[in-house]
Amino acid sequence: MDYISRLNNFGGPAIGDVAVHAPLNEEAFAIFKKFNLNVRAVNVLLDNLRSIEHAVEFAFRVEEDAVWIHSEAVSFALMMSHMQGGCPIGYNIITDLFLQRLDPVLWEKVLSPDNEFRRQLIDQVVSTTLPESKCPELVSTAVKAFTTADLPHELLELLE
C-alpha cells in the first residue's frame, strides 16, 4: 500500500468507493485512512475485510469518537463472539479495550437496554475487569455510566 501513501492530487473518497466495489478492500482502507475518513476506513475493516482486531486497534489509534459510535466496533466484536467458531480476539480483550476508552457516550450506547450483549459486558466489568483495575478514572467512569444507565443492583455489585 506504499504506493497509495505516495500518490497525491486524486479524489480520495471517490477512488476509495471504487476500490470498495472492485473489491480492493486493502486499497480502499489505505485511501480512506490517507484522507482521514476514519469512519469509512473502519467500516471497510469491519464490513469487507471482517478484521475485528484491526478495526478495534485502528479505532483506538485514531481516537475519534465518531469511529466508535458510527461503526459500533465494540458491539460488532461482541456479536462476533457468539458466532460459530467464536471471536478471533478474546472477550476479555474486547472489554478491556472498551473500558480504556473512558467515553461516556460509548458507555451509554453499550449499556443501553437495546444492546443484546449488555449483560455479558456488565458481568465482565463487575466480576473481573474493574476489580483488577488500578485506574481510578476507569472506576469513576464506570460508576457514572452504571448510574446513568439506571443499573443500581449492578452498581452495588461493582462497589462491593
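Asn25, Glu27, Ala28, Phe29, Ala30, Ile31 and Phe32 are the buried residues of helix α3. The model described here is predicted. Seven of the ten residues of α3 are buried, so the helix is largely enclosed by the rest of the structure. The cover over these buried residues includes α1, α2, α4 and α5. Asparagine 36 follows α3 and has a positive phi, near 55°.

Aromatic contacts were examined next. A pair of aromatic rings is described by the distance of the centres and the angle of the planes. A search of the whole structure finds two such pairs. In one, the ring centres of phenylalanine 10 and phenylalanine 35 are 5.2 Å apart. Their planes meet at 85°, so this pair is edge-to-face; the cut-off for that class is over 60 degrees. Phenylalanine 10 sits in the loop between α1 (2-6) and α2 (12-21). Phenylalanine 35 sits in the loop between α3 (25-34) and α4 (38-48). The pair therefore ties together parts that are 25 residues apart in sequence. Phenylalanine 35 has 31% relative accessibility and counts as partly exposed.

Phenylalanine 29 and phenylalanine 58 form an aromatic pair that is also edge-to-face. Here the centre-to-centre distance is 5.2 Å, with 75° between the planes. Phenylalanine 29 belongs to helix α3, and phenylalanine 58 to helix α5 (residues 52-62). This pair links distant parts of the chain, 29 residues apart. Both phenylalanine 29 and phenylalanine 58 are buried.

Methionine 1 lies in the segment before α1. With 43% relative accessibility, methionine 1 counts as partly exposed.

Over residues 130-160, the chain is 77% helix and 0% strand. The end C-alpha atoms of that stretch are 11 Å apart. Glutamate 154 is found in helix α12 (residues 152-159). Its relative accessibility is 13%, so glutamate 154 counts as buried; the cut-off is under 20%. Leaving aside neighbours within four places in sequence, glutamate 154 is in contact with Arg119, Ile122, Val126 and Phe146.

Note on methods
Residues are numbered from 1 along each chain as its sequence is written. This is a predicted model: local features need pLDDT of at least 70, side-chain atom pairs count only at pLDDT 80 or more; totals for chains, interfaces and linings use all residues. Side-chain values use heavy atoms; hydrogens and water are left out. Rings of Phe, Tyr and Trp (its six-membered ring) pair if their centres lie within 6.5 Å; planes under 30 degrees apart count as stacked, over 60 as edge-to-face and the rest as tilted. Helices (H or I, at least four residues) and strands (E, at least two) are DSSP runs, numbered from the N terminus. Buried means under 20% relative accessible area, exposed over 50%, partly exposed in between (1.4 Å probe, protein chains only). Contact means heavy atoms within 4.5 Å.
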